[in-house]
Amino acid sequence: MRKAHHLWFATAGLVATAGGVLLLTEALPATAETAARQGHERVLHLTTETSQFSVVDVGAQGPALGLGDEIISSDRVLRDGQQVGRSGTELTVVGTSPGTLTTDVLTTIELPEGQLVLQGIVDGPTGPPTTPLTSTLAVTGGTGAFSRATGVAEIVDRPGGTEELAVRLND
């Protein structure tokens, strides 16, 4: 039987690393439009708050996440403190080592302008982060105003469950 506290630490670390609660701090200033144009690059600054999450244990049951296990979350997406959309994230454990879980991350962000799809592999702790962690996901597609978007989503995960997210679009 799974020990709930071990599972919670693993889940909290992964959700915080790859899409749990995304909050902006002074390092990424929010603007009224939350998009800045620099040449052909557009930067979206977003905040997300986890609404729901679940762990799917597909392998041998144990106190920690293992290969193939998944974390599924749904989030509220905000700009300048106002809800403007939603997102969904699927994290699949694709590697384990002492103190580290490697996940394949797939996130879809729905905004009034269209949807953005982010994807990549992220290494994270088996528990909540104790130091800032950085990761980069690829923008692999989109719809509506984002139908030709490519780029990267840069994430800084800070202890305490906050993340800074800047989606740099080359469209």
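Of the 171 residues in the protein chain, buried residues make up 40%; buried means under 20% relative accessible area, exposed over 50%, and partly exposed in between (1.4 Å probe, protein chains only). The model is predicted: local features need pLDDT of at least 70 and side-chain atom pairs count only at pLDDT 80 or more, while totals for chains, interfaces and linings use all residues. Residues are numbered from 1 along each chain as its sequence is written, and side-chain values use heavy atoms, with hydrogens and water left out.

**Overall fold**

- The protein chain contains 1 helix and 10 strands; these are DSSP runs numbered from the N terminus, helices being H or I with at least four residues and strands being E with at least two.
- Along the sequence, the elements follow the pattern α-β-β-β-β-β-β-β-β-β-β.

**Nonpolar core**

- The largest nonpolar core has 23 residues, of which Leu116, Val167 and Leu169 touch the most other members. Such a core is a set of buried Ala, Val, Leu, Ile, Met, Phe, Trp, Tyr and Cys residues joined through side-chain atoms within 4.5 Å.
- Strands that each supply at least two residues of this core include β4 (70-79), β7 (114-125) and β10 (162-170), and β6 gives the most, with 4 residues.
- Leaving aside residues up to four places away in sequence, Leu116 touches residues including Leu44, Ile109, Val139, Phe146, Val167 and Leu169; contact means heavy atoms within 4.5 Å.

**Salt bridges**

- The structure holds 5 salt bridges, each defined as a side-chain nitrogen of Lys or Arg within 4 Å of a carboxyl oxygen of Asp or Glu.
- Arg168 forms a salt bridge with Glu41, with the closest N and O atoms 3.9 Å apart. This pair links distant parts of the chain, since Arg168 is in strand β10 and Glu41 in strand β2 (residues 41-45), 127 residues apart.
- Arg168 also meets Glu154 in a salt bridge (2.8 Å, N to O). Arg168 lies in strand β10 and Glu154 in strand β9, so the pair ties together parts that are 14 residues apart in sequence.
- Arg168 is partly exposed, with a relative accessible area of 21%, and Glu154 is partly exposed at 32%.
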